[in-house]
Each structure stands twice: as structure tokens, then as C-alpha cells.
Amino acid sequence: MAVEQLRGLTAVGAVLSPLAGSGPRTDAVVARISAAIGLGVIADGEQLPSEIDLATQLGVSTMTLREALAILREQGLVVTKRGRGGGSFVRASAEDVHARSLALLQELTVEGLRDLGDEHFAVAGATAVLATRRAVAADIARLRTLADRLAASEDAISSRRADSRFQIEVAVCSQSARLTRAEVNIQAELAAMVWLPRLGLNPADEAARHQQLVDAIETGDQAGARSLAEEYSALTIRRLIGLRMELARS
Amino acid sequence: MKANGTDRSFRADNGDVALELVSAAVTSLVEDIFASLRTVAAATRALWDRIEESGDRPGSSDLAALRDPVIGELQRQAELVNGVGFVVADGALADVPRYLEWWRPDVKPGGEAQRLELDLSPGSEYFYDYSTMEWYSGPRDRGVLWVHGPYLDYTGVDLYVCTFTLPVTSGRGKFIGVAGADVPVARLDAALLPTFAAHRTPLALTNSEGRVIVANDAEHVAGSKLEDPDSLTALPVSATPWSLVSLRSET
């Protein structure tokens with residue numbers, strides 16, 4: 001059911017789309033599903049689609065998928081229940097999600113982070129300018145609502161959702177499908193790491209920065225919107241690189 | 001016919017026959033989309049009334065009966081439309097709070113239509129909360145035909161579309177949902193660009209917010225906003241909330 005539900009939802013679609021290229025498929029499937037769980041795209045307790053549906057969605061044989069599920073069970077990320085109402089279920093508490101995000105951050109190099117940051121710098125700056133040119137009153141209202149939702153968020157997971165949703169919505173206001181897809185993919189990689197409790201971000205402060213960007217978009221200040229978006233993207237990646245270096249020291 | 005609560009009709013009182021041709025092409029395209037929605041709405045209302053008259057409340061599985069009329073319209077409008085369906089009013093069904101019976105063509109040509117399933121549980125990260133979306137709340141609150149967009153529907157179908165909707169009421173006069181269709185802007189462009197290109201002066205079709213849908217001028221592309229709409233002559237297009245804007249300033 002989940003995959004059917006998720007078809008058309010871009011972030012999830014990116015995670016559960018057919019694997020490209022050749023090579024060891026089982027490992028690729030394990031990496032893909034554990035990334036989806038780690039990012040919170042598939043939530044704690046959620047049932048995975050049937051083996052046949054999931055194998056079709058990922059473009060692998062059911063044999064490969066079963067091998068991958070066996071590995072995920074060993075890692076404790078998936079439990080399989082037999083019988084009526086049975087199937088494979090995701091196990092991912094908030095702590096699990098944070099632990100995996102931290103592990104993901106440790107797997108990335110500083111150079112890899114910088115490069116991800118560079119891509120976000122380009123996309124965030126360009127979408128901010130285009131949003132300033134193209135946003136209408138309803139867009140501004142939607143952006144403000146999302147920033148308010150971030151300010152009012154009470155735990156890391158809801159902050160992450162509200163924050164990434166805001167940034168994706170700026171891209172939506174740019175009216176560009178390609179740039180929006182790029183932003184969605186970047187958020188899928190970045191957002192869980194940005195809201196790691198260890199970074200200690202205050203939702204109200206981050207929301208205030210987002211409101212400044214909305215001010216610039218609303219007043220038609222293209223240069224201001226671009227530089228605010230670029231600065232925010234640079235700050236985000238600086239925080240992550242800082243934590244990555246800290247992890248290397250300890 | 002009126003859409004988005006506007007009630008105005010285009011009259012070529014300036015005697016511009018060429019402009020009238022462009023306007024008529026847009027109106028006929030939009031009226032044909034609404035004709036499809038009327039077919040879906042009529043099938044829904046008939047089904048709904050039949051169940052209520054038998055003393056039952058409709059449930060989500062009953063809506064499977066809409067499959068044939070919906071897919072029929074999807075096929076009839078294959079050149080233009082990328083999704084057709086019925087979106088149920090909050091709380092109108094006996095078994096689930098929200099539901100949509102929405103079908104899309106298969107990605108492969110000649111393949112079978114696919115039912116769109118979205119995440120409709122409020123706690124979920126990808127909750128598709130249509131009750132707050134304009135294409136649903138507009139016709140629900142105002143009881144009129146609606147055209148929303150162009151907009152990027154990245155949580156729904158991941159496309160740059162205009163969504164056309166029509167409110168549906170049961171025989172007992174209760175709002176039960178909206179019949180709708182998604183039309184990708186690229187398809188509108190493909191259908192209308194030849195007509196626009198043949199027009200001899202710079203011309204744009206814009207929505208009520210001044211956003212360009214189709215134009216024959218490279219400075220004004222889909223998604224862009226008119227810089228100074230008040231300085232331009234806009235002619236409302238009958239049956240739509242849209243206008244044809246002459247891109248030459250009146251100076």
C-alpha cells in the first residue's frame with residue numbers, strides 16, 4: 001500500500017524509484033530503504049509494501065528484495081510479522097532516526113558536504129530570485145504560514161518537516177519544476193542532518209530568518225532575496241561541516 | 001457559465017476578429033474540460049443518490065463504480081488531460097474521512113489507467129491535505145466552477161498544471177465533493193500555441209493573478225507575471241477566470 005500511496009510524492013519517489021545501473025543489487029536496495037527510514041520518509045511502525053510491489057518499484061527481482069529485507073531485519077530496521085495482518089514493518093524511533101542521520105553525516109566527507117552545499121547555494125539563490133519575480137499574494141501567505149509552523153514546532157522531527165517544506169515551497173514559488181525537484185532532492189539529503197539535536201538549532205530563530213526572506217520576496221527585492229537565500233544555505237552547510245569536523249575529533 | 005466566481009463574458013466590441021478567434025479557441029477548450037467534469041459529476045450524483053435512497057451511507061468502495069466514467073473522460077481528453085476524478089468532501093463517506101477516486105493515464109502509451117493513491121492520514125509527513133487547497137476549497141465555499149493555477153503540484157502529481165474543478169451536490173442538496181481534472185501547462189501550450197502564434201500582435205493568456213499561461217512573445221513565458229498589468233488592455237475570456245492581454249502598452 002505504501003508505495004502505491006507514495007507514487008507521485010517526489011521525495012519518496014526519489015528514494016523508492018528504480019535503481020539505476022548494474023552492480024550488487026542487494027546492497028543498493030539495503031542502502032535505499034535504510035536511507036528512506038533514516039530520513040523519516042518511511043515512518044516508525046509503517047508497513048512496507050508487499051514484496052512483489054516493492055521489488056517492482058525498485059526494479060529488482062523478489063529474490064534480491066528478500067535478501068535485502070533479511071539484512072535490514074538483522075540491522076533491526078525492519079520487523080516481519082507472519083500471518084493475517086502480517087508483513088514487513090519499519091522500526092525507527094526518533095533516536096533511531098537521529099542515530100542514522102549522524103551515521104550518514106559521518107559517512108560524508110567534508111568535500112562531499114561542501115559540494116552538496118554548493119549545489120544548494122545555486123538552487124536556493126536562483127529559486128529565491130525567480131520566486132521574487134513570480135510570487136503572488138497567495139504564495140506569500142503560504143510561505144508565512146510554513147515559517148510560523150516552523151517557529152511553533154516542538155520536536156526535531158516536526159522542525160525538520162516544517163523547515164524543509166518551507167524551503168521546497170520557495171522553489172515551488174519559482175514556478176520551475178526542475179528547480180523544485182532539485183530542492184526536494186537536496187532537502188531529502190540535508191534536512192535530517194540539519195535538525196540533529198546536537199546542532200541545537202532554535203526553531204524560532206530559523207523561522208525568523210525565513211520570514212526575512214519572505215519579506216524580500218514580498219517587496220520584490222530580488223538581490224536581497226538572493227543574498228538571504230545564499231547566506232542561509234552557506235550557513236547550513238557550515239554548521240554541518242562544523243559538526244562533521246567535531247565528530248572527526250572525538 | 002462562470003468560473004472562480006467571475007461572471008463576465010467576452011465581447012469583441014472593438015471589432016477585433018482575430019482576437020475573437022483566439023478567445024473562442026480558449027473558451028472552447030475550457031468548456032470541453034468542464035463538459036468532462038459534468039459527466040463525472042452526474043455519474044457521482046446518480047451513484048450517491050441511489051445509495052442514499054436505499055437507506056445506506058456511501059463508502060469508499062462504492063466509488064469504484066466511478067471508474068468507467070472517469071477513465072472514459074480521461075481517454076476522451078487524452079491530448080489535454082493528465083488526471084480526472086472525484087474528490088470526496090470531508091466526512092461525507094461512512095468509512096473514511098477523506099478519499100479520492102482519481103485516475104491518471106499509464107506512463108507507457110497504450111497502458112492501462114492507474115488510480116492515484118495519496119497519503120490521506122493527517123499525522124503523516126506526506127499528508128495530502130486537499131481540504132486546504134484552493135481547487136477544492138474554492139468550489140466548496142463558493143459553489144462555482146474553478147480553475148486553479150498554473151502551479152507546481154509537487155505533493156500530488158509532480159507536474160506544472162492547471163486544475164479544473166466543479167462542485168458536486170447530492171440530490172438532497174448537500175455538498176459531497178468536487179469533480180476535477182489536471183491539465184499540464186505544457187499540454188495547454190501545445191494546444192493553444194499555434195492559435196497564439198498566428199495572432200499578429202504580442203498577446204498573453206493570463207490567470208486572475210496576472211500569471212502567464214500561454215503567450216506568443218518570448219519575453220512572456222508560462223509562469224511569469226505581468227510587470228505592470230494595469231497599463232495593458234485585458235479582455236476576459238468567456239467561461240474562464242482568464243484574460244487575454246495585449247502586451248503592447250497603451251501609450
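Guide: Start with contacts in chain B. Take those between residues at least 6 apart in sequence: 56% of them join residues at least 24 apart. Keep in mind that this is a predicted model.

Now count the elements. Chain B has 4 helices and 10 strands. Read from the N terminus, they run α-α-β-β-β-α-β-β-β-α-β-β-β-β. The radius of gyration of chain B is 19 Å, close to the 18 Å that the globule rule gives for 251 residues, so chain B is as compact as a globular protein of that length. Its C-alpha atoms fill a box of roughly 65 × 40 × 35 Å along the principal axes. Of the 251 residues in chain B, 41% are buried.

Next, the sheet. In chain B, 6 strands form an open sheet. Their order is β3-β2-β1-β6-β5-β4, and the pairing is antiparallel. Which strands sit at the edges? They are β3 (114–115) and β4 (146–153) of chain B, and each pairs on one side only.

Zoom in on one pair of strands. Strand β1 of chain B covers residues 83–88, and strand β2 of chain B covers residues 100–104. The two run antiparallel, with 4 bridges joining them. You can find one partner by name: B:Phe86 has B:Glu101 in β2(B) as its bridge partner.

Now turn to a helix, α4 of chain B. It spans residues 185–198, which makes 14 residues. From first C-alpha to last, α4(B) reaches 19 Å. That is close to the 20 Å expected at 1.5 Å a residue. Yet α4(B) has a kink of about 50 degrees at B:Leu192. The kink lies shortly before a proline, B:Pro194.

Which residues of α4(B) are buried? Look for B:Val185, B:Leu188 and B:Phe196. What do the buried residues of α4(B) pack against? One partner is a helix of chain B, α1 (17–53). The others in chain B are the strands β4, β5 (159–169), β6 (175–184), β7 (203–206) and β8 (212–215). Here the sheet comes back into view: β4, β5 and β6 of chain B also belong to the open sheet.

For another helix, look at chain A. Helix α6(A), residues 94–107, has 14 residues and reaches 20 Å, close to the 20 Å expected. In α6(A), A:Val97, A:Arg100 and A:Ser101 are buried. They cover an arc of only 100 degrees around the axis, which puts them on the same side of α6(A). On the other side, A:Glu95, A:Ala103 and A:Gln106 are exposed.

Terms used:
Residues are numbered from 1 along each chain as its sequence is written. Chains are lettered from A and ligands numbered from 1 in the order in which they are written. This is a predicted model: local features need pLDDT of at least 70, side-chain atom pairs count only at pLDDT 80 or more; totals for chains, interfaces and linings use all residues. Two strands pair if DSSP finds at least two bridges between them. The expected span of a helix is 1.5 Å times one less than its number of residues. A residue is buried if 20 or more other C-beta atoms lie within 10 Å of its own, exposed if 12 or fewer, and partly exposed in between; C-beta atoms are placed from the backbone. The arc is that of the directions from the helix axis to the C-beta atoms. The radius of gyration is taken over C-alpha atoms; the globule rule is 2.2 Å times the number of residues to the power 0.38. Two residues are in contact if their C-beta atoms, placed from the backbone, lie within 7 Å. The bend at a residue is the angle between axes fitted to the seven residues ending there and the seven starting there.
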